Amino acid sequence: MNKKGSLFKTYMIRPVLYKCVTRAALAVTALLLWDRFINTAGRFSLLRDGCLTAGLLFFCMAWFFYLHLDGVTIHHMLEERKKKKPVRKSYTDIVDFADEHIVSFDELSGEERAVCSMSANLICGALFMLPWLVKFLGDFL
């Protein structure tokens, strides 16, 4: 991965935001369910421990996508390697009147998908680390 800065394009903002909203909603749901049903004794704080765990998990997932961009892959011994399908250059859309072609996540190449997923994980990780940082500094001071 020699061109790190040139991988992100402006048409990738929408898929990144969609992935951020989906992942953040799933993480908040998981944290609330954990706090309601598993953390019944109240030993762990939702803001301190739960947000730290979610943020670190998102940062770990972003690191794995970064490794994927570097070319690190794990192939199982008995699994056949899948051949990449050629990316279709032209798609017809229902919205013919729009000036701008809206690019979905499925239309992106494999490297662009990895960049979108990595960016979404970094943003979600930062969003979940902020409440932890505020709670940590509030308890520390």
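Predicted model: local features only at pLDDT ≥ 70, side-chain atom pairs only at ≥ 80, totals over all residues.
The protein holds 3 helices and 0 strands, and its elements run α-α-α from the N terminus on. Of its 141 residues, 26% count as buried.

**Around Asp 49**

- Asp 49 sits in helix α2, which covers residues 46-70.
- The side chain of Asp 49 makes a polar contact of 3.2 Å with the side chain of Arg 48.

**The nonpolar core**

- As general background, nonpolar side chains in soluble globular proteins tend to be buried together.
- Here, the largest nonpolar core has 23 residues, and Leu 69 and Phe 128 are the ones that touch the most other members.
- The elements giving two or more residues to this core are α1 (13-38), α2 and α3.
- Helix α3 provides the largest share of the core, with 9 residues.

**The second largest pocket**

- Residues lining the pocket include Phe 64, Phe 65, Leu 67 and His 68, along with Val 72, Thr 73 and Ile 74.
- Also in the lining are Phe 105, Gly 110, Arg 113, Ala 114 and Ser 117.
- Sorted by class, the lining of the second largest pocket comes to 7 nonpolar, 4 polar and 1 charged residues.

**Cysteines**

- How many disulfides does the count come to? The count is 0 disulfides.
- For reference, a disulfide is a covalent bond between the sulfur atoms of two cysteines.
- Is Cys 51 buried or exposed? Cys 51 counts as buried because its relative accessibility is 7%, and the buried label applies under 20%.
- Cys 60 has 44% relative accessibility and therefore counts as partly exposed, since that label covers values between the 20% and 50% cut-offs.

Definitions and conventions
Residues numbered from 1 in each chain as written. Heavy atoms only, no water. Helix = DSSP H or I, 4+ residues; strand = E, 2+ residues; numbered from the N terminus. Polar contact = N/O pair within 3.5 Å; in protein donor to acceptor, adjacent residues only side chain to side chain. 1 Å grid on protein atoms, 1.4 Å probe; cavity = no way out; pocket = protein on both sides within 12 Å on 5 of 7 lines; lining within 4 Å. Nonpolar A, V, L, I, M, F, W, Y, C, P; charged D, E, K, R; others polar. Disulfide = S-S within 2.5 Å. Buried < 20%, exposed > 50% of the residue type's maximum accessible area, 1.4 Å probe, protein only. Core = buried A, V, L, I, M, F, W, Y, C linked by side-chain atoms within 4.5 Å.
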